[in-house]
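Biologist: I would like to learn how to read a model of a protein, one feature after another. Could you show me the general idea each time, and then the case at hand?

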Amino acid sequence: MRLRRPVALRLTAGIGALALAGTAGVALSMTTASAAVTGTATGYASQNGGTTGGKGGATVKATTGTQIHAALCNRASASTPVIIEVEGTINHANTSKVSGSSCNTAAGVIELKQISNVSIVGVGSGAVFDQLGIHIRESSNIIIQNVTIQNVKKSGSPTSNGGDAIGMESNVRNVWVDHADLKASGGESDGYDGLFDMKDNTQYVTLSYSTLRNSGRGGLIGSSETELSNGNITFHHNLYENIDSRTPLLRGGTAHMYNNYYVSLNESGINSRAGARAKVDNNYFKNSKDVLGTFYTDAAGYWQVSGNIFDNVTWSAPSSENKPAGPNPVSNTTVSIPYAFSLDAASCVPAVVGQTAGANKGMKVSDGNCSPQTPTPTPTDPTPTPTDPTPTDPTPTPTDPSGTNLSIGAGSDGSSKASGSSYGYVRDGDLNTSWSPSGTTGSVSIKWGSATAVSKINIREASSATGRIKSWRVLNGDTGAVLTSGSGAGAISFPKTSLKKVTFEITSASATPQVAEFETYAQ
């Protein structure tokens with residue numbers, strides 16, 4: 001299949017999306033940042049055990065990139081929680097590599113590699129990462145809040161992070177980026193790449209209350225039509241302004257976009273392709289072109305639309321590699337969302353986003369009724385438990401186990417499968433796909449290449465098949481031993497067992513079961 005070459009950025013003079021907030025009668029409040037993470041993770045970042053960053057860890061202040069790296073390297077381990085409060089300008093001149101057993105850093109970029117449980121929070125007069133990107137690789141439980149990242153280049157001088165303001169790759173889990181300003185000063189021909197990119201098995205990410213401006217590319221989810229291991233991404237209450245394309249480009253997986261304000265998307269907007277599913281709720285699109293569809297490929301994607309406003313949006317004619325959703329967008333799939341969320345009316349989105357989105361704006365959020373509120377800073381625990389370095393909700397519900405879902409990236413097999421289902425669907429993080437046995441009973445397994453400690457599983461039925469599973473057994477797939485048995489889907493606990501394979505065996509059901517996710521947890 002042929003991909004269209006990137007378009008050149010057209011900087012648009014006189015655009016002032018935030019000025020709309022003033023015309024709508026909403027006052028902008030400019031206050032200094034909170035000294036701790038404010039609020040709690042929303043969207044998909046609230047799933048898979050949640051995203052708490054450095055909650056419970058030490059608070060370290062940093063005014064240089066080298067000090068940020070030192071805060072990571074001075075921890076007892078790569079998973080020891082830490083909150084890094086950043087103030088001032090972080091740039092190439094003050095960002096060096098720091099070495100240690102709890103970090104893997106590099107010069108010329110903020111490197112969050114092979115680590116977990118970290119919060120980076122802008123405080124005081126603000127934190128500006130100038131021409132310096134943030135790279136997240138093989139890491140989990142990361143929060144980035146109240147920062148500005150600007151003019152990161154992949155060509156020219158200086159270069160950083162492949163030209164991405166924030167880039168995530170290689171088995172990344174649970175990242176929440178909130179109240180950030182991400183901006184460039186041109187397109188690819190000017191040396192810039194994406195503002196918010198995810199690839200190579202990145203899952204459970206939320207971008208909220210942020211601005212993305214003046215770039216040829218907003219961001220991508222998946223680096224090619226065959227790299228489909230990413231998904232479960234939420235974008236809400238963000239401003240996209242003067243972006244050529246990719247708001248985002250979504251290849252495979254599921255993404256949820258709600259209450260965003262898109263203005264001056266010059267070539268295309270939400271590009272769902274290669275089987276991707278986008279749920280697009282109550283957004284406001286203004287002065288833009290081809291804001292939703294499948295573009296520059298013949299690998300179709302899908303969308304579910306509801307409550308959006310299209311204000312002066314133009315649509316191109318359909319072709320073999322250009323399938324816009326408009327001029328009258330309608331849904332061509334359904335997308336189930338596993339978390340609770342409140343929708344502002346699309347008509348008030350420009351005003352709400354104008355008052356809340358971006359760094360150093362008072363950390364305000366919407367209450368779901370078009371009224372911005374100031375949330376309470378999340379309290380920190382001065383004495384983290386040494387045996388549980390990953391902070392979690394102290395009272396997780398039975399259907400929301402804490403920790404990392406070990407099934408993502410694992411293997412799977414089973415006794416039988418119905419036509420159209422797949423064993424792999426129980427470990428893809430997508431509630432819209434499922435495995436079914438060929439009848440009303442059968443088994444499905446999660447497996448690893450080496451022994452893995454598991455003490456809890458979570459069986460999530462497809463929304464259309466809730467309650468079908470009656471009785472079941474959980475087996476040690478290595479030995480055949482019964483670890484536990486019971487009835488009904490949901491969270492299931494048993495003594496921690498080190499094994500290479502765990503099997504969920506359905507012994508009775510009211511109708512053909514549909515297991516959307518077979519999650520596994522160490523504790």
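**Reading the fold, step by step**

Modeller: Among contacts in the protein chain (heavy atoms within 4.5 Å) between residues at least 6 apart in sequence, 73% join residues at least 24 apart. This is a predicted model, in which local features need pLDDT of at least 70 and side-chain atom pairs count only at pLDDT 80 or more, while totals for chains, interfaces and linings use all residues. Residues are numbered from 1 along each chain as its sequence is written, and side-chain values use heavy atoms, with hydrogens and water left out.

Biologist: How many helices and strands are there in the protein chain, and what percentage of its residues is buried?

Modeller: Helices (H or I, at least four residues) and strands (E, at least two) are DSSP runs, numbered from the N terminus, and the protein chain has three helices and 34 strands. Buried means under 20% relative accessible area, exposed over 50%, and partly exposed in between, with a 1.4 Å probe and protein chains only; buried residues make up 58% of the 523 residues.

Biologist: Which residues of helix α3 are buried, and what follows that helix?

Modeller: Helix α3, residues 349-356, is mostly covered, with eight of its eight residues buried: Val349, Pro350, Ala351, Val352, Val353, Gly354, Gln355 and Thr356. After α3 comes Gly358, which has a positive phi near 110 degrees. In helix α2, residues 65-73, the buried residues are Gly65, Ile68, His69, Ala71, Leu72 and Cys73, and they pack against β1, β2, β3 and β4.

Biologist: Which residues have the most contacts inside the largest nonpolar core?

Modeller: In soluble globular proteins, nonpolar side chains tend to be buried together. A nonpolar core is a set of buried Ala, Val, Leu, Ile, Met, Phe, Trp, Tyr and Cys residues joined through side-chain atoms within 4.5 Å. Here the largest such core has 64 residues, and those with the most contacts inside it are Ile84, Phe129, Ile136, Ile166, Phe196 and Phe235. Leaving aside residues up to four places away in sequence, Ile166 touches a list of residues that includes Ile134, Ile144, Val177 and Leu195. A second, separate core of 22 residues includes Val444, Ile492, Leu499 and Phe504.

Biologist: How should I read aromatic pairs, and how many does the structure hold?

Modeller: A pair of aromatic rings is described by the distance of the centres and the angle of the planes. Rings of Phe, Tyr and Trp (its six-membered ring) pair if their centres lie within 6.5 Å, and planes under 30 degrees apart count as stacked, over 60 as edge-to-face and the rest as tilted. The structure holds 12 aromatic pairs. Tyr44 lies in the loop between α1 and β1 and Tyr339 in the loop between β26 and α3, so the pair ties together parts that are 295 residues apart in sequence. Both Tyr44 and Tyr339 are buried. Phe295 and Tyr296, in contrast, form a tilted pair, at 6.1 Å centre to centre and 45 degrees between the planes. Ring pairs also link Tyr240, Tyr262, Phe285, Phe310 and Trp315 into a cluster.

Biologist: Which residues are closest to the centre of the largest cavity?

Modeller: Rolling a probe the size of a water molecule over the atoms shows where empty space is left. On a 1 Å grid over the protein atoms alone, a cavity is a set of points where a 1.4 Å probe fits but cannot get out, and lining residues have an atom within 4 Å of a point. A search of the whole structure finds one cavity of 30 Å³ or more, and about 110 Å³ of space lies in the largest cavity. Of the 13 residues that line the largest cavity, the closest to its centre are Gln47, Tyr204, Pro338, Arg460 and Glu519. Strand β34, residues 515-521, gives the most to this lining, with three residues.

Technical notes
1 Å grid on protein atoms, 1.4 Å probe; cavity = no way out; pocket = protein on both sides within 12 Å on 5 of 7 lines; lining within 4 Å. Points joined across faces, edges and corners; volume = space filled by probe spheres on them.
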